[in-house]
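Please examine the sequence and the model shown below.

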Amino acid sequence: MPSATHEQAAEEFGDMIKTALTEMGLRPLIAQWRTATTTAPDGTAKEADGAWGPRRPPSGTPKKPSVVLEVGYSDSYARSRRNSQHWIDPVRDTASIAIGINIHVKNPEIAIDTWEWDPVYSRPKTRNHLVIKRSGGKIRIDPNFCEAHLTIPFHQRFRRPGQLNAKQDIMILTQALIEFACVV
């Protein structure tokens, strides 16, 4: 059963996505799935902690979420990674990008990863990886990871190319991620 921390993380992250879409004027074009479930070929079912996709998907694409969120609280990093990667397997015809948030109970840190399918190697690959840590009473993004922001590209949300010269990728900046970690 999900904990209060798990639910808070899912809700807060969803709010960041909705805020970014609203600021870009794209909120009306995105649907939020409250219960997105996918079933693997072996019959196992998985329900996402958050899911978004185009209200009107392009012809020939599934009417399913294009972005899913998986939150792991007191899960191992490996389990959180598997849960996130479950969503982007093209055999399941599901999401274009999966966001995994792993909240470490013993270490005061949150790892955030985005995954997408790599057609060259036929497996999931990491698009972003960052770790938010608390040390010495301060919360900061671990400098060992080069990107201190999270990007969700337009083409992965809408399953079609964006307009040229338009800033349409969702970018969640460092300060917003640190505020997210403080709340969680």
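Helices are DSSP runs of at least four residues, numbered from the N terminus. The model discussed here is predicted.

Q: Which residue follows H1, and near what value is its phi?
A: Helix H1 covers residues 4-24. The residue that follows H1 has a positive phi. That residue is Gly-25, and its phi is near 75°.

Q: What distance does helix H1 reach from its first C-alpha to its last?
A: H1 has 21 residues. At 1.5 Å a residue, a span of 30 Å is expected. The model comes close to this expectation, with a distance from first C-alpha to last of 30 Å.

Q: Is Glu-116 buried or exposed?
A: Glu-116 lies in strand E7, which covers residues 109-118. A residue counts as buried when its relative accessible area is under 20%. The value for Glu-116 is 11%, and therefore Glu-116 is buried.

Q: Which side chain is joined to that of Glu-116 by a polar contact?
A: Leaving aside its neighbours within four places in sequence, Glu-116 is in contact with several residues, including Ile-88, Ser-96 and Gln-156. Arg-123 and Arg-127 are also among them. The polar contact of 3.5 Å is made with the side chain of Arg-127.

Q: With which side chain does the side chain of Asp-113 make a polar contact?
A: Asp-113 is also found in strand E7. Its relative accessibility is 3%, so Asp-113 counts as buried. Not counting residues up to four places away in sequence, Asp-113 touches Tyr-77, Gly-100 and Asn-128, among others. Its polar contact, at 2.3 Å, is with the side chain of His-129.

Q: What distance separates the C-alpha atoms of Thr-94 and Pro-62?
A: Thr-94 is found in the loop between helix H2 and strand E6. With a relative accessible area of 10%, Thr-94 is buried. Pro-62 is 32 residues apart from Thr-94 along the chain. Their C-alpha atoms are separated by 7.5 Å.

Q: How many bridges join strand E8 to strand E9?
A: E8 covers residues 123-135 and E9 covers residues 138-141.

Q: Which residue in the turn between E8 and E9 has a positive phi?
A: E8 and E9 form a hairpin, with two residues between them.

How values were computed: Residues numbered from 1 in each chain as written. Predicted model: local features only at pLDDT ≥ 70, side-chain atom pairs only at ≥ 80, totals over all residues. Heavy atoms only, no water. Buried < 20%, exposed > 50% of the residue type's maximum accessible area, 1.4 Å probe, protein only. Polar contact = N/O pair within 3.5 Å; in protein donor to acceptor, adjacent residues only side chain to side chain. Contact = heavy atoms within 4.5 Å. Expected span 1.5 Å × (residues − 1). Pairing = 2+ DSSP bridges.
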